[in-house]
Amino acid sequence: FAGRQAPDGPYYWVLWALGLYKPVTWEYSRCSIADNVLSKRRLQQLVEKRLVEGWDDPRLLTLAGLRRRGYTPSIINRFCEQIGVSTAQVSTTHMHVLESIAREEFDVSAFRAFAVLEPLKVSIVNYQDIPKLVNITDSSTDGSVLGYVSTRNHPKNESLGVRKVALGATIFIEKKDFSMTGSGDYYGLVPDGAVGLLGTGFSIVCEEVVKDKDGHPSEIKVRAVSRKEKKPKGNIHWIADCAHKRAKVRTYGSLLLPKPDNEVLEIATEDGGELATGEDWLSSVNPTSLHEIDGALLEPSIEDGKVYQFMRSGYFTKDPCSSASDPVYHQIVPLKSSYSD
């Protein structure tokens, strides 16, 4: 496969027939990404059968799809430089290579922000004591905002400045950050346990759990205490009920269903076997490659057109195709790889 084109091949025949110069040409292998599709013919099938939103669907590795999802030209260029070119017949790269490059870039440049994707209500029963525990400023006259805490936009880059985060008597935390039982390696909130609230300097202790009719926690009643009084096992992010904006958040998995190790190349290269027989390959499209979360709560200071690290979740940016009244945010990459090697 890797080598000069045959001197009697169709390409040279055309040049011979036209009496043109016959340059030496070399062939290299195509770029293949595991569990994804790069063939224009197969991409067109996905678009025409409406298995994706269009050529700019963020799950596709088209330039339009990568741009919409939030990948920058520098990430794509570094990716191409890193994988290089190959003369092997089968050359497969995994998505975690692209993800790793993106994380390196965004870790340096992305502002940090709080975003609660699946909210659970938390009521601070002794909220009047919070000003005694932490330095807060600019409380509202109607009592809806207890005040603001200052936190850095980037933990390692002071030049990016600080922002003020509103704090109220009611906040929201991630559902996954509360457990009725917990375990030795669980660092969230549990009954009678304590966790720290990032950026505040104090802890909250769970005193009561209110459940809905199905027996699931619907509200947690907590008490704010100093960290000296109750040392937290872990720290979690949060959003105040008095200051947030709602949005849809989309996270993504692999476009194609992952295969066992001995079948990865067959799927990744789209050559031979299952993936090349008619439309049978469409059965390999991952039905859960898109996960949309409605009702996520974000800091109101988050701006359009920027990449943010939603603390403890990943790197996100607003979909340029969404509106101000119905904003949608794409997860560009999670904080840790979502792909197996």
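Predicted model: local features only at pLDDT ≥ 70, side-chain atom pairs only at ≥ 80, totals over all residues.

Student: What does the side chain of D177 meet in a salt bridge?

Tutor: The general idea is that side chains of opposite charge can pair when their charged atoms come close. Here, D177 and R312 form a salt bridge through their side chains, at 2.8 Å, N to O. D177 sits in the loop between β10 (170-174) and β11 (194-197), while R312 is in the loop between β18 and β19, so this pair ties together parts that are 135 residues apart in sequence.

Student: Is R312 buried or partly exposed?

Tutor: R312 counts as partly exposed, with 35% relative accessibility. R312 also has a positive phi near 70 degrees, in the hairpin of β18 and β19, where 3 residues lie between the strands.

Student: How do I read the pairing of those two strands? In which sense do β18 and β19 pair?

Tutor: As background, side chains in a regular strand alternate between the two faces of the sheet. In this model, strand β18 (residues 307-310) pairs with β19 in the antiparallel sense, over 4 bridges. You can find Y308 opposite F316 in β19.

Student: Which strand pairs with β19 over 5 bridges?

Tutor: That's strand β20 (residues 328-334), and this pairing is antiparallel too. Look for G314, whose bridge partner in β20 is P334.

Student: Why is β19 described as largely enclosed?

Tutor: Buried means under 20% relative accessible area. For β19 (residues 314-318), 5 of the 5 residues are buried, so the strand is largely enclosed by the rest of the structure.

Student: Back to the charged pairs. How many salt bridges does the structure hold?

Tutor: There are 18 salt bridges in the structure. One of them joins the side chains of D57 and R59, at 2.9 Å, N to O. D57 is buried, at 1% relative accessible area, and R59 is buried as well, at 11%.

Student: And E303 with K306: what is the N to O distance there?

Tutor: Their side chains meet in a salt bridge at 3.3 Å. Both partners count as partly exposed: E303 has 42% relative accessibility and K306 has 30%. Elsewhere, salt bridges that share partners join E53, D56, R68, R250, E292 and D319 into one network.

Note on methods:
Residues numbered from 1 in each chain as written. Heavy atoms only, no water. Buried < 20%, exposed > 50% of the residue type's maximum accessible area, 1.4 Å probe, protein only. Pairing = 2+ DSSP bridges. Salt bridge = Lys/Arg side-chain N within 4 Å of Asp/Glu carboxyl O.
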